Amino acid sequence: MDLFSQLILVISVTSFLSFQWLFHRVSPWVSTRVSPGFLRLADKQKVEWNSRTVSTLHALLVGLFCLYILLFDDAINEDPVWGDPTLVKINVGVTTGYLISDLLLIFYYWKAIGDKFFVVHHLAALYAYYYVLGHGMLPYFANFRLLAEFSTPCVNQRWFFEVLGYPKSSRPNIANGMAMAVVFFLVRIAVMPLYYSRMWSVYGTEAFYRVPPGGCAAWIISSICLDVMNVMWMHKIARGCYKVMRSARQHKVGTQENGKTD
């Protein structure tokens, strides 16, 4: 194993240990001081709260690094299949540690946060990352996929508001719902043409044919499956956002009419 591969291994292990520490120590300590409602939660809810807190931290860290790579890493932008994957490997190494940590927590606290979909999602992601970390292939596309992490904080915040008892028509909930819909659309739907145009641009080239069948499956098939789910989720988010806004508008009109009557 070369020196850089050893470094990536250290990064992944450090990431795993750090996210475990954040889940077990940091999140409970901070949450009790930032949100008094945390203490009133049931034990299962506290487990999910800590899990989502860690998820948000991971999403922000990896998402920002991903955006930096996408904007300033000329090597992978010029050669999206076999470009120098140094920075991407570091980012994927962090995510790999997080995914393994989260899988362990899912299995250990299955009654609280167990979800077969997340198990399949994490295993599929780890399978795809094997080709990035082990073979250095497809760095642009692996990094591009991490843009989706930017939608995670809003999704988690929605759950936080719900478990703390915020009404769906409350201003914080509506603001977060609008932000979630906009960010989800931007990082998962609006970017699809750019992603698949880059994929099409390398199809049939020498670089493309150097990718083994397993790598192609992890790249193309998983991308299509993920985007089909993204479109379905976007539809649900848009419908939910519309219903909340309509309910809030009706509530506001009703309040104004009652005020006039009084």
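1. Contact of helix 4 with helix 6. In this predicted model, helix 4 meets helix 6 through Val88, Lys89, Val92, Gly93, Thr95, Thr96, Leu99, Ile100, Asp102, Leu103, Ile106 and Phe107 on its own side. The partners in helix 6 are Phe118, Val119, His122, Leu123, Ala125, Leu126, Tyr129, Val132 and Leu133. Contact means heavy atoms within 4.5 Å. By class, the contact of helix 4 with helix 6 has 15 nonpolar, four polar and two charged residues. Here Ala, Val, Leu, Ile, Met, Phe, Trp, Tyr, Cys and Pro count as nonpolar, Asp, Glu, Lys and Arg as charged, and the others, Gly among them, as polar.

2. Geometry of that pair. The axes of helix 4 (residues 86-108) and helix 6 (residues 116-135) come within 10 Å and cross at roughly 150 degrees. Axes are lines fitted to C-alpha atoms, for helices over the stretch in contact, with angles from 0 to 180 degrees between N-to-C directions. Helix 4 and helix 6 are therefore roughly antiparallel (angles under 35 degrees count as roughly parallel, over 145 as roughly antiparallel, 65 to 115 as roughly perpendicular and the rest as oblique). The crossing of helix 4 past helix 6 is left-handed, the term for a near helix turned anticlockwise from the far one by less than a right angle, with right-handed for clockwise.

3. Basis of the model. Residues are numbered from 1 along each chain as its sequence is written. Local features need pLDDT of at least 70 and side-chain atom pairs count only at pLDDT 80 or more, while totals for chains, interfaces and linings use all residues; side-chain values use heavy atoms, with hydrogens and water left out.

4. Helix 2 against helix 4. The axes of helix 2 (residues 43-72) and helix 4 come within 10 Å, crossing at roughly 170 degrees. This pair is therefore also roughly antiparallel. Helix 2 contributes Ser51, Val54, Ser55, His58, Leu61, Val62, Phe65, Cys66, Tyr68 and Ile69, and helix 4 contributes Leu87, Val88, Ile90, Asn91, Val94, Thr95, Tyr98 and Asp102. These residues divide into 12 nonpolar, five polar and one charged.

5. Helix 1 against helix 4. The two axes come within 8 Å and cross at roughly 40 degrees, which makes helix 1 oblique to helix 4. The crossing is right-handed. On helix 1 the contact residues are Phe4, Ile8, Ile11, Ser12, Ser15, Phe16, Phe19, Gln20, Phe23 and His24. On helix 4 they include Thr86, Lys89, Gly93, Gly97, Ser101 and Leu105. The contact of helix 1 with helix 4 holds 12 nonpolar, nine polar and one charged residue.

6. Aromatic pairs. The structure holds 25 aromatic pairs, that is, rings of Phe, Tyr and Trp (its six-membered ring) with centres within 6.5 Å; planes under 30 degrees apart count as stacked, over 60 as edge-to-face and the rest as tilted. In one of them, the ring centres of Phe23 and Tyr109 are 5.7 Å apart and the planes stand at 45 degrees, so the pair is tilted. Phe23 lies in helix 1 (residues 3-34) and Tyr109 in the loop between helix 4 and helix 5 (110-113), so the pair ties together parts that are 86 residues apart in sequence.

7. Overall fold. The protein chain has 12 helices and zero strands, where helices (H or I, at least four residues) and strands (E, at least two) are DSSP runs numbered from the N terminus. Its C-alpha trace spans about 75 × 40 × 30 Å along the principal axes.

8. Record annotations. An unreviewed UniProt entry places "domain: TLC" at residues 44-246; UniProt positions follow the numbering used here, feature names are shortened, and annotations may be inferred rather than shown by experiment. That span is 83% helix and 0% strand, with its end C-alpha atoms 33 Å apart. The entry also places "transmembrane region" at residues 6-23, 54-72, 92-110, 117-142 and 174-196. Residues 54-72 are 100% helix, with end C-alpha atoms 27 Å apart. Residues 117-142 are 88% helix and 0% strand, and their end C-alpha atoms are 20 Å apart.

9. Thr53. This residue is found in helix 2. Thr53 touches Ser27 and Phe160, not counting residues up to four places away in sequence.
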